[in-house]
Each structure stands twice: as structure tokens, then as C-alpha cells.
Amino acid sequence: MLLQYRGGPGMLAWAFHRISGVAIWAFVLLHVLDIWLVGANPTLYDDVLRVYASPIGRVGETLLGAALLYHALNGLRIIVIDFWPAMTRYHRQLWTASWVVFVILGVPVAIQIMAPAFGLNAPFHFGG
Amino acid sequence: MTVRVRGSGRVKPQGGGFELATWYLMRLTGIGLFVTALGHYLITHFVYDPASQKAQWIIDNRWGNIAWRTVDWLMLSFVVFHSFMGMRTVVQDYTRGGTRTLLTMALYLGAFVLFALGTIVVATLQFPVA
């Protein structure tokens, strides 16, 4: 059913929500296991961390962030429409708005994460 | 099997009980994760760099603070419920009969194991010696 494309924002929103959701679930499995290593085997955790901090790891983290941000914004849109049905009239505007927020929030975060992979300094600094 | 292709999420189940409770809890944990998971991602990837958060750093700093451990355990509770019940919806959409029962039970077992592992590490990790 994922492949039976019928067009329109509703279908796309649903397909992206499902794909991003399954991807995040898979990462959560990995992430709870790797955090478990902080107690069980800290040296191995640091090895895993080196993979995450590698250029390919950073691409993965950026994609994970995109999946998270999309899923979060679209989930909020679903909740708004579920509990405030009058907003169904504006579902296209809500869909557009969620992508505007996605780009505004997502681009600086993606640059921050990817900069070290290109040998650049991360553009934003927070003390320490 | 019908697929609801709408702008909104799953249709609210009628008749109450487990399915309706799950429908509400998916939305509640979703809001909880909007704050905790997005906040967690921003702190671990935007404020700090992944490379600087080694195991000893986590032990000394982030999890040297019981408030952060509490927040992280709450996030664990939200995410285990939300992601595994979400996968249950996926399983119900694509499978039926014995396969569906088997996969659903595997998901419940997996959720329990993951929740236990996460709870053990966040609750029993030694605080740094002062």
C-alpha cells in the first residue's frame, strides 16, 4: 500500500510519516543498546561513538534528524486536526507550514552536524 | 483492509477500551517526545558535538545529574511505548492471522526487553565519585 501512490499531501504525509517512523524505531533499538554500553562496556561505547562521529556517521545522524523533525512536525499536525477538526479546512496550509518550519530549523542543524566532516569548524558555539 | 488516506492520523477507535487508550496515549507520548526527543537531539548534536560525548563524559556530566537521568528515563518510557505501538500499527496494516499475532507478540517482548535495558543503565549506573 506504500507503493499505491494516489497523490495529494495526505498520501505523501502518511507515507513519509510511516517511513520516518519505522526508521526512527530501528534507530531507537540501536541507541538504547549503545547507551547500555556506557554502563556495561564504556570502551566499546567510545568505539561506537567514533563511528557516529565519522563522516558517514554524520550523514546518518543528519538523516535521523530529518526523520525525527518531519515525524514530530507532521505528528503535531495530526494532533491539531484530530482535536480541532475545524482545522481540516486549512490542512494544506498546515502541510506547507510544517515544511517551512522543517527547513528553517533543519538547515542550521544539518550544517552544524556536517561541518566537521568537511574539515570545517562547526558554525555555532555554546560556551565550553 | 482499508487504508485511511487522509491529512490526519488513525481514525479514533470507537467503543473505548485498549484501542482507544492506545490512540490517546500515542498522541500524549507524541507530545512528550516532541519536547524530550527533539530537545535530546538538539543537545547531543547541535549544542554539543557527538565526538565530545564519550562514555566517561556522560557518566561525569549528563548522567552525573539525577534530573537529567529522570528526563532521559521519561523519554525512554515515551519512546518505547510510541515506537513499538507504532510498529504494531504497521504490522496490523500489512499482516493478518498467525503472522500478525506472532509479530505483535515479538514487538511486545522487544519493547519489554528494551525498556528493561534502558531502565537498568539509567537507574544503576554509578554516580561519579566526588
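Where in chain A is the place of Phe124(A)? Phe124(A) sits in the segment after helix H4 (91–114) of chain A, where helices are DSSP runs of H or I with at least four residues, numbered from the N terminus.

## About the model

This is a predicted model, where local features need pLDDT of at least 70 and side-chain atom pairs count only at pLDDT 80 or more, while totals for chains, interfaces and linings use all residues. Residues are numbered from 1 along each chain as its sequence is written, chains are lettered from A and ligands numbered from 1 in the order in which they are written, and side-chain values use heavy atoms, with hydrogens and water left out.

Phe124(A) is partly exposed, with a relative accessible area of 35%. For this label, buried means under 20% relative accessible area, exposed means over 50%, and partly exposed is in between (1.4 Å probe, protein chains only).

## Residues in the helices

Leu42(B) belongs to helix H1 (residues 17–47) of chain B and is partly exposed at 38% relative accessible area. Not counting residues up to four places away in sequence, Leu42(B) touches Val109(A) and Val47(B); contact here means heavy atoms within 4.5 Å.

Leu117(B), in helix H4 (residues 97–124) of chain B, is buried with a relative accessible area of 17%. Leaving aside neighbours within four places in sequence, Leu117(B) is in contact with Val32(A), Leu33(A) and Trp36(A). Over in chain A, Ser20(A) lies in helix H1 (residues 8–40) and is buried at 7% relative accessibility. With residues up to four places away in sequence not counted, Ser20(A) touches Ala67(A), Tyr70(A) and His71(A).

## Salt bridges

Side chains of opposite charge can pair when their charged atoms come close. A salt bridge is a side-chain nitrogen of Lys or Arg within 4 Å of a carboxyl oxygen of Asp or Glu, and there are 6 salt bridges over all chains. One of them pairs Arg58(A) with Asp49(B), with the closest N and O atoms 2.8 Å apart. This pair crosses between chains, from helix H3 of chain A to the loop between H1 and helix H2 (55–60) of chain B. Arg58(A) is buried at 3% relative accessible area, while Asp49(B) is partly exposed at 23%.

Asp82(A) and Arg27(B) also meet in a salt bridge (2.7 Å, N to O). Asp82(A) lies in helix H3 of chain A and Arg27(B) in helix H1 of chain B, so this pair joins two chains. Asp82(A) is buried at 19% relative accessibility, and Arg27(B) is buried at 9% relative accessible area. Within chain B, Arg10(B), Glu19(B) and Arg88(B) are linked in a network of salt bridges. In the bridge between Glu19(B) and Arg10(B), the N to O distance is 4.0 Å; Glu19(B) is partly exposed at 29% relative accessibility, and Arg10(B) is partly exposed at 25%.
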